[in-house]
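Subject: Structure handover

Hello,

Here is the structure we spoke about, with the notes on it below. Please read them next to the coordinates.

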Amino acid sequence: MKIFIAGIDGYLGWALAQYLTARGHEVAGNDVFLRRAWVAEVGSDSALPVYSIEERAAAFEAHFGKSLNFRQGDLLDYDFICNYLADFKPDAIVHLAEMPSAPYSMIDQKHAVLTQQNNVIGSLNLLWAMKEVCPDAHLVKLGTMGEYGTPNIDIPEGFFEVEFRGRKDRLPFPRQAGSFYHWSKVHDSNNTMFACRIWGLRATDIMQGVVFGTRIDEMGDDPRLRTRLDFDQCFGTAINRFCCQAVIGHPLTVFGGGKQRRGFLPLRDSMQCLTLTCENPPQRGEYRVFNQFEETYTIHELADLVKEVAEEAGLNPVVHCYDNPRQELAEHYYNPDRQHLIDLGYQPSHDVRAEVRIMLADLMPHKDRILAKQAILVPDIRWDGSRRRSEVIDAEPIKS
Ligand code: USQ
C-alpha cells in the first residue's frame, strides 16, 4: 500500500515509517520539525540523540534500500499538502502531525491557541485536501483515550446505544477531555465524523492510550534510526519519564496519590495497531473508532513496576508523590473496551516489564543527556494557568 505519514519526524512517525517500509509498504511523509522546537522551548532535549532529517534519510536508505520520500512542509499550508497528496496518491494517510502535550496546551493563552490552531486547522486542511485530491484514501487519525475522560461507566469504542424517553439511538459516546490539547482531539473527531458523513470519506479515529518505549526491532542498531524519547513535563509521558528518572537516580514523580488509571501500550504495539488499521480500511463514508491500548494501570502501579525492574538492573530508585499540577480525578472507575483491533488480529508483543527492561538498557548509555536536563523533571505547569513547582507530598513508597 501507499501510506502517507503526516508528522514523519516525530516519536511515532519516525518509527512508523520504518515499521511500514519493513513490511513492503511505500511510505511518504511531511514534517516541519515543530516537535524538536517545542521540546527545546520547554528547556529539554530527547534522551536518545535525534539526528537531522538528512542523516535520518541516509540511514533509512542504507538500511531499507529505498530513499525516504520526504518533504518539509506544514498541514497549515493547504497548497503544500494538496500538492504532495496529489503527487503521492496515497491509499492511506496516518495523521500524526499534531501538538501532543496536555501540559504544553495549558501553559497560557498563547499555547492553548497554538495547540488548537495547529491541531484543529491542520486536521481540517487534511480533510479538505483528501476531498479535493484523494477522496478514496483512508484517513487513520490519531485521537486519544483522553477524549473520553474518566466517566463512571464503561467506555465503548466511540459509539454506544442509548435509550432516552422510550426511544433508542446509536450515538457518539460523550467526550469529557481534561486539557485544551485533549479537547483539540475531540474537535478533530467531530470534524472527521462530519466529513465522512457529507463527503463519503473513510476514516478510523484511533483513541490511543499513553505510549512508551525506546525502540522497535526494525530500527536495528543504527542510532540514526532510533526515535526520540522525551522526559520533560510536557512531552515526556509517564513511563518514559519514570525510566529516565530511574536511570539518573531522580525520584519517580508520581502526581497526586498515583491512583489515577490510564491505558498504556508499547511503541511496538502502537506500530502494529496503526499498520493493521491501514491494512483493513473501512467502507467509503464510514467513520469508525478504535480504542488502542494494551492494558490499564494506575500510575503508582507503573512507578512501582519501573522501580522493581530498575532494581533488577542494579539501580536504586525511589518513588515520590508530588502535589498534582493537573486537575484530574484522583481515583475513579476506568473500564474502556478495546475489541476492534483484537478482532483485526492485534496481538500484544511484550509485557510492560519486558519493555521497561529494554528501555532502561537503551537509556543507560545516555545518562549524561538526562542529567544535563534534570532541572526540568519536576513539573511547574498548573491547570489554573499559574507556574509553581510541585512539592513532594509523600516521600515514602506506598504500596499500590
Ligand atoms: N503522570 C504522573 N507523573 C508524571 C507524568 C504523568 O503521575 O511524571 C500522570 C498524569 O498526572 C496523568 C498520567 O500520568 O494522570 C498520564 O500522563 P502522561 O503525561 O503520561 O500522558 P497524558 O498527558 O495523558 O498524554 C499522553 C500523550 C498524549 C496522548 C495521551 C493518551 O502525551 O499525546 O493523547 O497520553 S491518554 O492519556 O490516554 O489520553
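In strand E12, Gln292 is the bridge partner of Gln208. Strand E8 (residues 202–208) runs parallel to E12, and six bridges join the two; strands count as paired if DSSP finds at least two bridges between them. Helices (H or I, at least four residues) and strands (E, at least two) are DSSP runs, numbered from the N terminus.

This is a predicted model, in which local features need pLDDT of at least 70 and side-chain atom pairs count only at pLDDT 80 or more, while totals for chains, interfaces and linings use all residues. Residues are numbered from 1 along each chain as its sequence is written, and side-chain values use heavy atoms, with hydrogens and water left out.

Strand E12 (residues 287–292) is largely enclosed by the rest of the structure, because six of its six residues are buried. Buried means under 20% relative accessible area, exposed over 50%, and partly exposed in between (1.4 Å probe, protein chains only). Tyr287, Val289 and Asn291 point one way from E12, Arg288, Phe290 and Gln292 point the other way, and all are buried. In a regular strand the side chains alternate between the two faces of the sheet.

Next, the nonpolar cores. A core here is a set of buried Ala, Val, Leu, Ile, Met, Phe, Trp, Tyr and Cys residues joined through side-chain atoms within 4.5 Å. The largest has 72 residues, and Ile239, Met271, Val356 and Leu363 touch the most other members. Helix H1 (residues 11–22) gives this core its largest share, eight residues. Apart from it lies another core of 32 residues, including Ala6, Tyr148, Leu201 and Val289. With neighbours within four places in sequence left aside, Val356 is in contact (heavy atoms within 4.5 Å) with Ile239, Cys243, Leu305, Val306 and Val309.

What surrounds the ligand? There are 22 residues around it, the closest being Pro100, Thr144, Ala238, Thr253 and Glu328; a residue is counted if one of its heavy atoms lies within 4 Å. Helix H7 (180–199), helix H8 (238–248) and strand E10 (252–255) each supply at least two residues of this shell.

- Ala238: a backbone N or O atom lies 2.7 Å from an oxygen atom of the ligand.
- Arg326: a polar side-chain atom lies 2.8 Å from an oxygen atom of the ligand.
- His182: a polar side-chain atom lies 3.1 Å from an oxygen atom of the ligand.

The ligand taken alone exposes 720 Å², and the protein buries 93% of that (Shrake-Rupley method, 1.4 Å probe).

Phe235 lies in the loop between strand E9 (210–212) and H8. Phe235 counts as buried because its relative accessibility is 6%. Residues up to four places away in sequence aside, Phe235 touches Arg35, Trp38, Val39, Val42, Met99, Pro100, Ser101, Tyr104 and Asp230. Its C-alpha atom is 8.3 Å from that of Pro103, 132 residues apart along the chain.

Phe33, in the loop between strand E2 (26–31) and helix H2 (34–41), has a positive phi of about 65° and is buried, with a relative accessible area of 17%. Arg165 has a positive phi near 50° and is exposed, with a relative accessible area of 76%. Arg165 belongs to the hairpin of E6 and E7, which has two residues between the strands. Strand E6 (residues 159–164) and strand E7 (residues 167–172) pair in the antiparallel sense over six bridges, with Phe160 opposite Leu171.

Regards

Key: A polar contact is a pair of N or O atoms within 3.5 Å; within protein, one must be able to donate a hydrogen and the other to accept it, and residues adjacent in sequence count only if both atoms are side-chain atoms.
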